[in-house]
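I open this notebook to record what I looked up in the structure. The entries follow in the order in which I made them.

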Amino acid sequence: MVFSSLNFLYYFLPILLIVYFSVPSRFKNLVLFSFSLVFYFYGEPVYSILLIGSSFSGYLHGRLIHAFKGTNLAKTFLISSIVVGLSLLGFFKYSNFFIENINTIFKADLGLIGIVLPIGISFYTFQVLSYTIDIYRGEVAVQKNALDFMMYVALFPQLIAGPIVRYETIENQLRGRLHTFSDVAYGIRRFTIGLAKKVLVANTLAELVVHFENAQQPSVLFFWLGGIAFTLQIYFDFSGYSDMALGLGRIFGFKFPENFRYPYIARSITEFWRRWHISLGMWFRRYVYIPLGGNRVDKLKLIRNILIVWFLTGFWHGAAWNFIIWGLLYGILLLMEKLVLKEAIERIPGIIRHVYVMFVVVIGFVLFNAESLAEGLHNLGGMFGLLAVPLVSPEALYYLISYSGIILIGVIGSTPLIAKIIELLRTYPHVRRATDMMEPVFYILVLLLVTGNLVDGSFNPFIYFRF
Amino acid sequence: MTTPIKHMLIPVLFVGFLFTGMITTLLTPDQAYSDAERRRLRQRPIPDQSDIFDGDYYQKLEQYSLDQFTYRERFRMINALTRTRLFNQQDINGIYRHGDHLIKMDYRLNPAALRYAGNLFSTIIETHLEGMAIHYGVIPDKNHFTAPQSHHLQYDYPRLISLLHANITGATYIDVFETLSLDDYYRTDHHLRQEAHVDLSRHLFDHLGIKAPGVPHTVYHTHAGFAGSYYGQAALPLEKDTIRLLMNPTIAALEAFELQNENRLPVYDLDGLESIDPYNVFLGGQMALRRIENPTSTTDKELIVFGDSYMTALAPLLAEGYASVTLIDLRFVSHTVLDTYIDFNDQDVLFLYSTTILNDAFMLS
């Protein structure tokens, strides 16, 4: 099930809210776990077994690591936990990638495996691994209640597209949480804004991307328009989803970590990755980069560490070479900023640094969005005039004009400008009173617009569901 | 309003809104079809073990919810207005508004389909129509008239016509583009109003060498509330169309037949006005082979028209100038079996197709 569907909004969510807030505290986790399973089963019936198995494996390994703490067996169970998690991920996500490459390199004819990627496997596998590793390191207490642990893994707000919530973050909240009107109101605010970002902005931009992909008159302008539209789309899609996840979490008393902090205002690639998909960056930093030695190593090892992390980041996003190249591109740029540019980058005017970041980000997402590396390079060629296409075509011009409104909304909405203006205006008491009055009505208005869009059956897939 | 009150009001309104939507939808009986969109609406899927486990059931449930959601048409209108007014989008799913008209922005030319159409017509001419007087014409879509002013995209019409010219042999082209104007079409549909067919039929008679009959027409029947095919797609607030049926003593005397089963057909099927597509009023809607006979004709000349849905409203008017008019719709019958039903014998022949069908001509056979 997706958040931006009528069945979620008008059946699943209101029924869950009524049931959840009607039952005594001791049953709340059971209610959330049950509804989370229904939520997952609705979209991925058969692989629900995988989710349950994966989370139970995490629970069991946690117990075993804890039971044999300080002995070699604890390490064995940690390795076992990692092997189980990565094997499942490897089998379901990467088998066909390896088969295709073996076939290409060795001119073999191995058949592809007819499986589809289980929704959310990349996210919940990483959560389970973070738990068992942290148990081994002695950084979190073992969870003895299987239901509470499996509820943590299966918790529907963050189950299928993150943020990747480390067990430590919500360890205490699993045991008991405070529910306040203030938290519920905040959660609804985040959820509704996320819903609008996804349904009204990202889905509309997705249509522009489809127009670009089906262009009858390709042109340099259209290649750029497609790249910029996708760059905005993926931000509003993914950050919208994260907003909804954080909002839903807060409604039920959980405080999930922020996943985005206006990444498109960054002035260096380093800063960009501190603002984009923060929970994934933190995961790789904590469980890969630092164990490899982090940056407290010699230059060669530092280069190795960063390239490994960014190779894995790209590969995590998808089992295809364009994702790997996309990850490595960022690895190389981060190395350049760290080792070559250093403080020099600080002396460059902010606007130029911002243009540099957005240029790299757009180029990166053109590779990211391609079906293959060849298609990505073709599209980049189109952007830089390397294909036999005109600079401008009537088709590109038409769609630029037609979607200029949503592009403008996207550009402004990806900065903190509106939030800052509201904050400034709210320093005036009468404006504050007026916005307080209007705020609840505003969310209903957003729900009306979103429902209209959904009822019309518009384009609605979440991009990050495929990861 | 104090902050604590606001914090209470937000959840109450939010949950209240969602609950109202749920209860209203559950209490509203399911609709069988949408008049505006002219399609059957999906009904509640029946759970089936295999569907449940392969996920198909839930997809059907999603589609069902979309189709049966409470106040669906109003929500669709909200969406259309959001896109056009708030986001300033120039079209919605390829449909745009120009004055009182809804227009489909068709612009992707399909040269292969146009070549196919030309070659198919040439094959039919060679196979069935050798030595006969053959003409062909193209009815432009509404976008032809509006796109230059509204800056929407449109077909490359000169290329469209030249692709046909290059592939049709043995037929003479009749240009009808200049005869038509935007107001000749229904505002919410792609078809021509029957009143506009009078001038078109006169123009065709001129080129076919037929003396145009001078019997004037009166409006025989008026059907208000015609939601054309673009009406539901656009979901924009717009007044519906009116279908007017023309009559004179010649048309009143016409006799129509469906050729494959030799059934008698009404020239105007008033029951068709109540069907999903009220345009079915003309000769009973879409059919492969039909003939209209004109018992009052002063000539024994006959006409064969190869065409699409546009010809059904035109045919009674063309029949005024001929002893009979045979209508062939190649979307529903292959030209290879035509000899079974039609005796090709020195009739006038007209291929008359809309740009939309020609650009998607692989449906013709």
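**Surface patch, chain A**

I worked on a predicted model. I first noted that α19 (404-413) and α20 (417-425) of chain A each supply at least two residues of a nonpolar patch. I then listed the members of this surface patch: A:Leu408, A:Ile412, A:Leu417, A:Ile418, A:Ile421, A:Ile422, A:Leu425 and A:Tyr428. Together they have about 700 Å² of accessible area.

**A:Ile421**

I looked up one of the patch residues, A:Ile421, which I located in helix α20 of chain A.

**B:Thr82**

I moved to chain B and found B:Thr82 in helix α4 (residues 72-86). Its relative accessibility is 7%; the cut-off for buried is under 20%, and therefore B:Thr82 counts as buried. Leaving out residues up to four places away in sequence, I recorded that B:Thr82 touches A:Leu449 and B:Phe87.

**Helix pair α1(A) and α21(A)**

I asked at what angle helix α1 (residues 6-22) and helix α21 (residues 429-455) of chain A pack. The angle is about 125°, and the axes are 9 Å apart. I therefore described α1(A) as oblique to α21(A). On the α1(A) side, the contact is made by A:Leu6, A:Leu9 and A:Tyr10. On the α21(A) side, I listed A:Leu447, A:Val450, A:Thr451, A:Leu454 and A:Val455.

Methods
Residues are numbered from 1 along each chain as its sequence is written. Chains are lettered from A and ligands numbered from 1 in the order in which they are written. This is a predicted model: local features need pLDDT of at least 70, side-chain atom pairs count only at pLDDT 80 or more; totals for chains, interfaces and linings use all residues. Side-chain values use heavy atoms; hydrogens and water are left out. Patches are made of residues with over 30% relative accessible area and no salt bridge: like charges are joined within 9 Å, nonpolar side chains (Val, Leu, Ile, Met, Phe, Trp, Tyr) within 5 Å. Accessible areas come from the Shrake-Rupley method with a 1.4 Å probe; for residues, only the protein chains shown count as cover. A salt bridge is a side-chain nitrogen of Lys or Arg within 4 Å of a carboxyl oxygen of Asp or Glu. Helices (H or I, at least four residues) and strands (E, at least two) are DSSP runs, numbered from the N terminus. Buried means under 20% relative accessible area, exposed over 50%, partly exposed in between (1.4 Å probe, protein chains only). Contact means heavy atoms within 4.5 Å. Axes are lines fitted to C-alpha atoms, for helices over the stretch in contact, and angles run from 0 to 180 degrees between N-to-C directions. Angles under 35 degrees count as roughly parallel, over 145 as roughly antiparallel, 65 to 115 as roughly perpendicular and the rest as oblique.
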